[in-house]
Amino acid sequence: MTTSPITGFSLAKAPLNSTFTIINVPTDPVVAHRMMTLGWRPGAQVRVMKKASGGAKIIDLNGSRVAVSGALARTLCVEAVA
Amino acid sequence: MSKQNQGAQILTPSCHQTYDNVVDGDAVIAIVGAPNVGKSTLFNELTGSRVTMGNWPGTTVEVARGLWRHHPRGTSKKECDQFKVAMVDLPGAYSLSSASPDEEFTRTMVVEEIPGPDLTLVVVDAAHLARSLYLVSELREESRRMVVAVTMVDVAERHGIQVHTKTLSKVLGVPVVKVDPRRRKGFDELTEAIHEALEAPMPEPRIRMLAIEEEEDERFGWIAEILDCSMTETSSDIQRFSDKVDRFILAPFLGPLIFLGVMWLVFQLTTTVAAPLQDFLGDLFAGPVSEGAIWLTELVGLGGTWVEGFLVNGLISGVGMLLTFAPLMTLMFILLALLEDSGYLARAAVLTDRMMGVLGLPGQAFLPLVVGFGCNVPAIAATRVLSSPRQRLLTVMLIPFTACTARLTVFVMLGTVFFGKWAGTAVFAMYLVSILLVVIGGLALRGTLWRAMASEPLVIDLPPYQVPTLRLTWSMTWVRLRGFLETAGGIIVVAVILVWLFQAIPVNGGTFGQIEVADSLYAWLAMGVAPIFAPAGFGSWETVSALVVGFVAKEAVISSWGQTYGIANLEDFTSLGDHIQTAFYISSGGHTLAAVVAFMIYFLAYTPCVATLAAQVREVGWKWTGFGIILQIGTATVASIVAFQILRLVL
């Protein structure tokens, strides 16, 4: 299915309501730890539910809803599910 | 922690031994777990009323210690067969890192302290198992006796989450028990698991996968595997409903509108609804209670003496002031609990995150600042919604700059007296100054003291909406209210009594407690301090003594002016206004309006009131409260002098 040569893109650009595979973790270790506690880890799947007023992204991680600021979402990479 | 790891012999206490006089109990158990998992509820239910609360010796970390007495299965119900466990309720921690003093303390107590506790009881939240297990993964890396208690099972089930404790126990390698501390369910199983673990040989530590270099990655990997096999999750109706609601709550235009509506409601409730209750209690203490006390002192022949003054103007007035805050605080705490428990607060944080980000504060800080414009005291308490201690501290430092309604009454009075038809504009300008002070204060503190504080990007869990439970709301409210009354009570009552005392000590002759304010030590001190305010244009002792009264309670300033000038009728400002106008005219060398504006700015920015200080002591301790006082008085002094020196050129 994957015909595009570009595999990874930022979470901020991910279309709504599709599932993607997580590639990286935030560079800041404190933020990374918090994200990982909420279930964010490379290889796991994520779905962007909604863009909230104020720019934050509401994502679905293992069935839980997590809000991530727009700025942080731009640093997070995902790819199409293999 | 003295009696440690002595193996099985401590489990069969003989009736004749008396070492429970020497040590706290037959075993020592430390309770650990992430914040809000029901750790303290479990601790309280196990230990009952035998709890001591207080700072751990040599630290500022608050720790509850208690004795859990019970009869293990198979023993008689005789007093001497009772098994006594010294329980230590350690502060909430997600991990054993040194990120916060609380986590560091937990680390010291459980990992570094030798000998450590006989057993570590880890409390985990079934609804948020993933984030509860990190602590378990760290603790399992060394050999130690531990039992995992799973709470919030009912909440998890409502959200479609099933935790399989048997599997969890097998993969974790330690006993796992479901408990419901509120309903005292699962206590027998927990007791049994604890005794079995105490008697069993030390469990082997878990083997870390050395192939994964990063410790953290390895632990999260381990947790992910555990979750895979020990937990099943079905998309629940609650989650689907919640997603639907979020479509409106987080929508671009509607979301902020709903948010403003909620904030307006909180503000209205903490001002207009609480006000009549406050007035009622205030009148009750100023009227019947005081009259009763006067009648009593006359009955015993002490009428008109200092005893009467102490009782009425010191003790009753102080206790009355404390109690007038009780309905307001109760209301604030109920609203906080409702907002937190319903799930709305997390959404509000998402909506306001970008705006508050300017001050380096998360979206949650918006709520306490809004409440501050009603009253600073509940606003300080509302900073509890912030999870980071530093952000809480910064917010606590900024709240006193929000113009509360008690300050509003004084602004309205001064505005009417000095600005006539421009009174409204003058009052409005004070609100702008207030917002400006919050923003400048926030930026200044971030640029200096909190420079290291990185603005943390928003990452917040949005729990499904739920109808708040009465029980949880009330228990959260009661715990917080009791804490406020305990800490703030003493401070407020002592401060009011001190002001009375200073006003009772004569300096120009006369009898203690039976003099005019002008002849008291209080006036004498105000006169001594007054020249400091000369550069701001209001260096008269009458004005300065009003500021000191304002330190105790802002709304008392008008009546204090009345007292100073001997005016009984305060309903009409004309007579009092004439006196104040004269005082400002003289102290400012004719630049009356410039001095009044300077005074209003000073009045806005300086230390709010003793109740706010008491609330600050409760939240951030004496040291930071002291720093706040210096910050506020410093800001007030500089701002008022600058305002007067500039304005006197034009006004």
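The answer below starts with the chain, then turns to its helices, cores and loops.

A: This is a predicted model. Chain B has 24 helices and ten strands. Its C-alpha atoms fill a box of roughly 85 × 65 × 40 Å along the principal axes. Of the 651 residues in chain B, 52% are buried. Take the contacts in chain B between residues at least 6 apart in sequence: 71% of them join residues at least 24 apart.

Now the helix pairs. Two packed helices are described by the angle between their axes and the distance between the axes. Take α16 (residues 405–419) and α23 of chain B. Their axes come within 11 Å and cross at roughly 175°. An angle over 145 degrees counts as roughly antiparallel, and α16(B) and α23(B) are therefore roughly antiparallel to each other. From α16(B), the residues that meet α23(B) are B:Arg407, B:Val410, B:Phe411, B:Leu414, B:Phe418 and B:Phe419. On the α23(B) side stand B:Thr592, B:Leu593, B:Val596, B:Val597, B:Phe599, B:Met600, B:Phe603 and B:Leu604. The residues of this contact divide into twelve nonpolar, one polar and one charged.

The second pair is α11 (residues 306–342) and α18 (residues 470–504) of chain B. Here the axes come within 8 Å and cross at roughly 155°. The helices α11(B) and α18(B) are therefore also roughly antiparallel to each other. Their crossing is right-handed. The contact of α11(B) with α18(B) divides into 26 nonpolar residues, nine polar and three charged.

Next, the cores. The largest nonpolar core has 126 residues, and B:Leu367 and B:Trp561 touch the most other members. Helix α23 (residues 592–605) of chain B gives the largest share of this core, twelve residues. Leaving aside neighbours within four places in sequence, B:Trp561 is in contact with B:Val410, B:Met413, B:Leu414, B:Glu542, B:Thr543, B:Ala546, B:Leu576, B:Ile580 and B:Phe599. Of these partners, B:Val410, B:Leu414 and B:Phe599 also take part in the contact of α16(B) with α23(B). A second, separate core has 38 residues, among them A:Met36, B:Leu96, B:Leu139 and B:Ile161.

After α1(A) comes A:Gly39, with a positive phi near 105°.

B:Gln616 lies in helix α24 (residues 610–647). Its relative accessibility is 0%, so B:Gln616 counts as buried. Not counting residues up to four places away in sequence, B:Gln616 touches B:Ile380, B:Val396, B:Pro400, B:Gly621, B:Thr625 and B:Gln632. B:Leu443 is found in helix α17 (residues 423–447) of chain B. With a relative accessible area of 43%, B:Leu443 is partly exposed. B:Leu443 touches B:Val358 and B:Leu359, again not counting residues up to four places away in sequence. B:Pro389 is 54 residues from B:Leu443 along the chain, and their C-alpha atoms are separated by 18 Å.

Finish with the loops. Most residues other than glycine have a negative phi. B:Met152 is not a glycine, yet its phi is positive, about 60°. B:Met152 lies in the loop between β6 (146–151) and α5 (153–158) of chain B. Its relative accessible area is 24%, so B:Met152 is partly exposed. B:Arg184 has a positive phi near 55°, and this residue too is other than glycine. B:Arg184 sits in the loop between β8 (176–178) and α7 (187–199) of chain B. B:Arg184 is partly exposed as well, with a relative accessible area of 45%.

Note on methods
Residues numbered from 1 in each chain as written. Chains lettered and ligands numbered in written order. Predicted model: local features only at pLDDT ≥ 70, side-chain atom pairs only at ≥ 80, totals over all residues. Heavy atoms only, no water. Helix = DSSP H or I, 4+ residues; strand = E, 2+ residues; numbered from the N terminus. Axes fitted to C-alpha atoms, helices over the stretch in contact; angles between N-to-C directions. Parallel < 35°, antiparallel > 145°, perpendicular 65-115°, else oblique. Left-handed = near helix turned anticlockwise from the far one by under 90°. Nonpolar A, V, L, I, M, F, W, Y, C, P; charged D, E, K, R; others polar. Core = buried A, V, L, I, M, F, W, Y, C linked by side-chain atoms within 4.5 Å. Buried < 20%, exposed > 50% of the residue type's maximum accessible area, 1.4 Å probe, protein only. Contact = heavy atoms within 4.5 Å.
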